[in-house]
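Here are my notes for your next look at the model. Please read them with the structure open.

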Amino acid sequence: MKNLYQIARHLVWLTQFGLSVALPPVLLLLGAVWLKNHFALGGWIVLVGLLLGLFASIGSLHNNLKSIDREGKEDTPRTPPPISFNNH
């Protein structure tokens with residue numbers, strides 16, 4: 001049962017990771033195209049939307065990798081401190 005829990009946990013994490021990296025560029029690009037068409041802006045707005053989406057995706061990737069690193073460090077077993085002179 002513990003193995004099934006671990007698989008489900010990793011599957012949820014993988015889905016969240018994929019969505020948090022893939023959705024910002026797509027949504028900001030779609031929003032930029034909508035702004036271009038709705039307000040008759042130039043093509044530069046699409047470039048700005050794409051760049052903002054890429055920066056948001058990179059930031060999300062960075063935060064997720066830091067979270068993975070933190071979680072990996074917590075799994076290491078802690079060794080008890082050595083016995084000092086007063087505690088033997």
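This is a predicted model: local features need pLDDT of at least 70, side-chain atom pairs count only at pLDDT 80 or more; totals for chains, interfaces and linings use all residues.

1. Start with the length of helix α1, residues 2–39. At 1.5 Å a residue, its 38 residues should span 56 Å. The end C-alpha atoms are 54 Å apart, so the span agrees with that expectation.

2. Helix α1 has a kink of about 35 degrees at L23. P24 is buried, and so are P25 and A32 in α1.

3. What follows α1? A40 does, and its phi is positive, near 55 degrees.

4. Next, look at S60 in helix α2, which runs over residues 44–74. Is S60 buried or exposed? Its relative accessibility is 16%, so S60 counts as buried; the cut-off for buried is under 20%. Leaving aside residues up to four places away in sequence, S60 touches S20 and V21.

5. How many aromatic pairs does a search of the whole structure find? It finds two. In one, the ring centres of W13 and F17 are 5.1 Å apart and the planes lie at 15 degrees, so this pair is stacked. Both residues sit in helix α1, four residues apart, or about one turn of the helix. An α-helix has 3.6 residues a turn, so residues three or four places apart point the same way. W13 counts as partly exposed because its relative accessibility is 28%.

6. W34 and F39 also pair. Their ring centres are 6.0 Å apart. The planes of W34 and F39 lie at 85 degrees, so the pair is edge-to-face.

How values were computed. Residues are numbered from 1 along each chain as its sequence is written. Side-chain values use heavy atoms; hydrogens and water are left out. Helices (H or I, at least four residues) and strands (E, at least two) are DSSP runs, numbered from the N terminus. The expected span of a helix is 1.5 Å times one less than its number of residues. The bend at a residue is the angle between axes fitted to the seven residues ending there and the seven starting there. Buried means under 20% relative accessible area, exposed over 50%, partly exposed in between (1.4 Å probe, protein chains only). Contact means heavy atoms within 4.5 Å. Rings of Phe, Tyr and Trp (its six-membered ring) pair if their centres lie within 6.5 Å; planes under 30 degrees apart count as stacked, over 60 as edge-to-face and the rest as tilted.
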